[in-house]
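Here's a quick briefing on how this protein is packed inside. Have a look at the model first.

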Amino acid sequence: PVPLPVPRPAPLPLPRVSADWRDAAQTPGTWTWRGDGGTSVAQFGEPGLPPLASVTCDRAAGQVLLARQSRASGTVPIQVTTTATSRALVSEPLRSSAGWLVVALRARDPLLDAIAFSRGRFAFEAAGEATLYLPSWPEIGRAIEDCR
């Protein structure tokens, strides 16, 4: 007897790609922390390469500086998104050095707590640049708490 062909089930559709920022691949790198006098700095990047982002406590000014590497200069729209909140910011050209966009926040700004306690990661966007998807590691909280 000739075996009858067994019908195969139709393939399942591919999963839909989520537009949720929390599903995006994390930016490669790790956070490191260092303290220099009145400054506490958490930097993110790959070992041996310049950092991509930083969180710096300027204790004398009572401010935390959020910074990210960028080709842009001047006033640039920035968006920080955490699991609890999202806020539009604008870079401060007078604080930014070549290759960096910087935003200064009061040391007790609730956005800083949202970054430090975001579940797993937060997004750091700047107009004209690739979004950074950064992990919420303790080094960030250390730099923030050193300003309080």
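Predicted model: local features only at pLDDT ≥ 70, side-chain atom pairs only at ≥ 80, totals over all residues.

Residues are numbered from 1 along each chain as its sequence is written, and side-chain values use heavy atoms, with hydrogens and water left out.

**Nonpolar cores**
- A core here is a set of buried Ala, Val, Leu, Ile, Met, Phe, Trp, Tyr and Cys residues joined through side-chain atoms within 4.5 Å, with buried meaning under 20% relative accessible area (1.4 Å probe, protein chains only).
- The largest one has 29 residues, and Val 55, Val 80 and Phe 124 have the most contacts inside it.
- Helix α1 (residues 110-116) is the top contributor to this core, giving four residues; helices are DSSP runs of H or I, at least four residues, and strands are runs of E, at least two.
- There's also a second, separate core of five residues, including Leu 65 and Val 102.
- Leaving out residues up to four places away in sequence, Val 80 touches Leu 66, Leu 111, Ile 115 and Phe 124, among others (contact means heavy atoms within 4.5 Å).

**Charges over rings**
- The charged end of Arg 142 sits over the Trp 33 ring, 3.7 Å from its centre.
- Phe 124 turns up again here: the charged end of Arg 68 sits over its ring, 5.9 Å from the centre.
- The test is NZ of Lys or CZ of Arg within 6 Å of the ring centre and within 35 degrees of the ring normal.

**Largest pocket**
- Ser 54, Thr 56, Leu 65, Ala 67, Arg 95, Ser 97, Trp 100 and Val 102 line the largest pocket.
- Strands β3 (53-58), β4 (63-69) and β7 (100-106) each give two or more residues to that lining.
- A pocket is an open set of points on a 1 Å grid over the protein atoms alone where a 1.4 Å probe fits, with protein on both sides within 12 Å along at least five of seven lines; lining residues have an atom within 4 Å of a point.

Methods: Buried < 20%, exposed > 50% of the residue type's maximum accessible area, 1.4 Å probe, protein only.
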